[in-house]
2 protein chains.
Amino acid sequence: MYVKKTVPYLNCGLDLVGEVLYGKWKIRILWFIHQGNLRPSELQRKIPDVTRRVLNVQLKELEDHELITKKIYPVMPPRVEYTLTDFGSTLIPLIGSIGVWGDEHQERLRRVILKHAAPSLTDAVKT
Amino acid sequence: MYVKKTVPYLNCGLDLVGEVLYGKWKIRILWFIHQGNLRPSELQRKIPDVTRRVLNVQLKELEDHELITKKIYPVMPPRVEYTLTDFGSTLIPLIGSIGVWGDEHQERLRRVILKHAAPSLTDAVKT
DNA sequence: GGCAATACGGATAAATTTATCCCTATCTGA
DNA sequence: TCAGATAGGGATAAATTTATCCGTATTGCC
């Protein structure tokens, strides 16, 4: 497991949030769990672009930061479910607002993002 | 300048927001500009941990994504000012809410972040 | 038996981001 | 004249994140 070498910056609330939410898939993972996709395999189907390996890593970090809880059912085949903690649930309205903002401005966002992406990628965008 | 090699994921609003806001200092930069710190040198004093080089890179990306505008005054010594665009301004309430959430939960956040950081860093945290 | 589904994680590679180092330029003030 | 402030950016290194590859295990189904 990778261990950070540099000191975190925890000056203000924004810094603290950054530490726990900064991760390519974390916000989406929280959102999908909120929507009832509790099992790793379900999450992976919802977010096909993340690999199982990375999904596990990010779930572990969210768990370490007490935003989600992991429950392992002692059955075979294995069954694992993640749920939002009360703490994690308080983030949901914020994530919801961010998503709404993104949806409202999606044309513009799509345009500015693609304008500055490599031309070869523009055609390949996953929509 | 670095050019991405992988395709972006632009499925939903959350993905789109991620593309323009994902960057270690971007949210803080937007917030400080909102607070009236318009010049690069002012921003750097507000965020001492970012280097001028990286600050410039992230400002450029925010500009490319039309969240801020750059104004160069033809004077000597050089004077440059960034301001939020109307588009960028619509993000401010969201960033404000995130900051409030972080402030409200700062003890807990600090605890969970430090609990999983390398012990050697715990003492060095910048507060 | 062979295959798919469930889930986990080490080792390593690739991609990306962030940081460091160094150089350019002009003006002001000591 | 020299230090310091202003601003910019190339080249490269380091840190970090994300992805790929592979191996472990069990059960059920055809």
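These are my notebook entries on a predicted model with chains A and B and DNA strand C.

**Ground rules.** I number residues from 1 along each chain as its sequence is written, with chains lettered from A and ligands numbered from 1 in the order in which they are written.

**Entry 1: chain A.** I looked up the secondary structure. Chain A has eight helices and two strands. Helices are DSSP runs of H or I with at least four residues, strands are runs of E with at least two, and both are numbered from the N terminus. The order is α-α-α-α-β-β-α-α-α-α. The C-alpha trace spans about 50 × 40 × 30 Å along its principal axes. I then checked burial. Of the 127 residues in chain A, 24% are buried (20 or more other C-beta atoms, placed from the backbone, within 10 Å of the residue's own).

**Entry 2: the core.** Which residues touch the most other members of the largest nonpolar core? They are A:Ile29, A:Leu30, B:Ile29 and B:Leu30, in a core of 44 residues. A nonpolar core is a set of buried Ala, Val, Leu, Ile, Met, Phe, Trp, Tyr and Cys residues joined through C-beta atoms within 7 Å. Among the elements giving two or more residues to this core are helix 2 (26-34) of chain A and helix 2 (26-34) of chain B. Leaving out residues up to four places away in sequence, B:Leu30 touches B:Leu62, B:Leu67, B:Leu84, B:Gly88, B:Leu91 and B:Ile95 (contact: C-beta atoms, placed from the backbone, within 7 Å).

**Entry 3: the strands of chain B.** Strand 1 (residues 68-73) and strand 2 (residues 79-84) of chain B pair in the antiparallel sense over six bridges. Pairing needs at least two DSSP bridges between the strands. B:Thr69 has B:Thr83 as its bridge partner in strand 2. A hairpin of five residues joins the two strands of chain B.

**Entry 4: DNA strand C.** I listed 24 residues around DNA strand C, the closest being A:Ser41, B:Lys5, B:Thr6, B:Lys24 and B:Met76. Near means a C-beta atom, placed from the backbone, within 6 Å. Helix 4 of chain A gives the largest share of this surface, three residues.

**Entry 5: the two copies.** I superposed chain B on chain A: a rotation of 180° with 0.0 Å of shift along its axis does this, at RMSD 0.0 Å. The same surface serves both copies, as 100% of the contact residues of chain B recur in chain A.

Note on methods
Predicted model: local features only at pLDDT ≥ 70, side-chain atom pairs only at ≥ 80, totals over all residues. Buried ≥ 20, exposed ≤ 12 C-beta atoms within 10 Å, placed from the backbone. Contact = placed C-beta atoms within 7 Å. Least-squares fit on C-alpha atoms with pLDDT ≥ 70 in both.
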